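Try each task before you read its solution.

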Amino acid sequence: NDPNGKTNAINKYSPMNDSIAPSIKTNRFAELRYDEITIEAFELWGGNSLFFPVSFFSLLLTAAAVALACRLLLSEEEHSFAEMRRRGATTLWEYWPGSLNDRSYNHPMFGAVAAYFYDYILGIRAKNNSAGYKEIIVSPAMPAGLGTVSGYRTLPAGKISVSLESDGSNAKAMITVPDGIKASFVFGKTETELHAGENTVVFAL
């Protein structure tokens with residue numbers, strides 16, 4: 001608990017908290033109220049907050065609550081990355097604006113979620129039970145309003161790049177695969193083997 005007697009966010013929303021596990025297992029995590037998450041979970045940043053951005057957003061993304069994760073990340077509210085920019089930030093701060101006090105203005109904590117952009121937004125992941133990124137799946141999340149997104153991941157075999165375009169009903173993935181790895185594209189019931197070089201996959205959302 002914090003000094004004001006409120007529940008510490010890491011304790012309330014952590015994956016270590018058994019109370020949240022049933023909602024994740026039944027895919028009801030996305031039903032958590034948006035205002036509850038932003039106010040209680042973000043405003044009540046606690047002493048164990050180093051783990052919170054990683055655990056919280058990984059749970060959202062792996063529970064298929066990608067739209068909610070993106071909504072939080074792109075929020076324009078007081079407790080947001082947008083508010084940091086409005087206040088002149090050129091680095092990631094340790095706490096949300098208004099809560100900094102004597103905290104750091106250059107801190108890695110909030111950058112922890114970036115890894116999940118590659119894993120779930122672009123969808124570039126190692127296939128289960130594989131090693132050394134020799135087998136890859138590209139399985140992007142396509143939340144409403146995504147529009148376009150692109151990026152790449154550098155693997156031992158070379159660079160794999162993904163560019164996604166969406167019109168809200170259909171989407172196109174342009175994927176460049178390096179030699180020496182086995183790769184496939186997966187989205188819903190769509191599964192396509194990818195070859196070395198450039199690949200284009202059109203799929204329904």
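A polar contact here is a pair of N or O atoms within 3.5 Å; within protein, one of them must be able to donate a hydrogen and the other to accept it. Keep in mind that the model is predicted.

**Exercise 1.** Find Ser-75 and work out which backbone atom its side chain reaches.

*Solution.* Start with the location: Ser-75 sits in the loop between α5 and α6 (81–86). Next, look at the side chain, which comes to 3.0 Å from the backbone nitrogen of Glu-77. Last, check the accessibility. Buried means under 20% relative accessible area, so Ser-75, at 5%, counts as buried.

**Exercise 2.** Go to helix α5 (residues 66–73) and work out how many of its residues are buried.

*Solution.* Go along the helix and pick out the buried positions: Val-66, Leu-68, Ala-69, Cys-70, Leu-72 and Leu-73. That's six of the eight residues in α5, which makes the helix mostly covered.

**Exercise 3.** Take strand β6 (residues 182–187) and work out in which sense it pairs with β2, then do likewise for β7.

*Solution.* Take β2 (residues 135–138) to begin with: β2 and β6 pair in the parallel sense, over four bridges. Now turn to β7 (residues 190–194), which runs antiparallel to β6 and is joined to it by five bridges. Here Phe-185 stands opposite Thr-192. Finally, look at the turn: the hairpin of β6 and β7 has two residues between the strands, and Gly-188 takes a positive phi near 60 degrees there.

Technical notes. Residues are numbered from 1 along each chain as its sequence is written. This is a predicted model: local features need pLDDT of at least 70, side-chain atom pairs count only at pLDDT 80 or more; totals for chains, interfaces and linings use all residues. Side-chain values use heavy atoms; hydrogens and water are left out. Two strands pair if DSSP finds at least two bridges between them. Buried means under 20% relative accessible area, exposed over 50%, partly exposed in between (1.4 Å probe, protein chains only).
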